[in-house]
Amino acid sequence: MDKEKFQLEFNLKNVSLNLLWSTISTPSGLEEWFADNVISRGKKFVFTWSGNSQEAEMISSRTGSFVRFRWDDDAGTKAYFEFKTAIDDITGEVALVITDFADMDDVDDAKILWGKQVKDLFRILGL
């Protein structure tokens, strides 16, 4: 079954772009809000939640702009998940744009899960 692409945007008032970037792109930053444990070996990342691990490859990134991963389970597909920073030209406010793919029946649940994850991110960032 093909997965459906979706995007979520979260506005982050008064947050440093450098702080956000380190929190979404480094193993130590990702451990603070995304997974219990994150280990990287080059472009390979191992994410662990409650003792269950899942591997992903960082398939693309641009420092300060975006980082894109593909789960090993999705190898050979177009599916990925991405954290992208965006700055409003007028207000200067920073936003986090998350792109992900899920089975059509699971998109709503995936959005709810991302919302919970980002709530933890907001707490870590002091928002």
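Please keep in mind that the model is predicted.

I start with the sheet. Seven strands form an open sheet, in the order S1-S7-S6-S5-S4-S3-S2, and the pairing is antiparallel. S1 and S2, the latter covering residues 37-41, are the edge strands, each with pairing on one side only. From one strand to the next, the twist averages 25°.

Val 67 has Phe 83 in S6 as its bridge partner.

Now the helices. H1 packs on the sheet and touches S1, S4, S5, S6 and S7, where S4 is residues 52-62. The direction of H1 makes about 180° with that of S6. Helix H3, residues 107-125, lies across S1, S3, S6 and S7. Its angle to S1 is about 30°.

Next, the salt bridges. In general, side chains of opposite charge can pair when their charged atoms come close. The count here is 5 salt bridges, and I will go through some of them.

One of them is between Asp 74 and Lys 3, with the closest N and O atoms 3.0 Å apart. What does this pair tie together? Asp 74 sits in the loop between strand S5 (66-71) and strand S6 (81-87), while Lys 3 belongs to strand S1 (residues 3-12), so the pair ties together parts that are 71 residues apart in sequence. Is Asp 74 buried or exposed? Its relative accessibility is 9%, so Asp 74 counts as buried, because the cut-off for buried is under 20%. Lys 3, at 36%, counts as partly exposed.

Another salt bridge joins the side chains of Glu 93 and Lys 13, at 3.9 Å from N to O. Glu 93 is in the loop between S6 and strand S7 (94-103), and Lys 13 is in the loop between S1 and helix H1 (17-25); the two are 80 residues apart. Glu 93 counts as partly exposed, at 30% relative accessibility. Lys 13 reaches 52%, so Lys 13 counts as exposed, because exposed means over 50%.

Then there is Lys 44 with Asp 72, where the closest N and O atoms are 2.7 Å apart. Lys 44 is in strand S3 (residues 44-49) and Asp 72 is in the loop between S5 and S6, 28 residues apart. Lys 44 is partly exposed, with a relative accessible area of 30%. Asp 72 is partly exposed, with a relative accessible area of 30%.

That is where I stop.

Conventions:
Residues numbered from 1 in each chain as written. Predicted model: local features only at pLDDT ≥ 70, side-chain atom pairs only at ≥ 80, totals over all residues. Heavy atoms only, no water. Salt bridge = Lys/Arg side-chain N within 4 Å of Asp/Glu carboxyl O. Helix = DSSP H or I, 4+ residues; strand = E, 2+ residues; numbered from the N terminus. Buried < 20%, exposed > 50% of the residue type's maximum accessible area, 1.4 Å probe, protein only. Pairing = 2+ DSSP bridges. Axes fitted to C-alpha atoms, helices over the stretch in contact; angles between N-to-C directions. Contact = heavy atoms within 4.5 Å.
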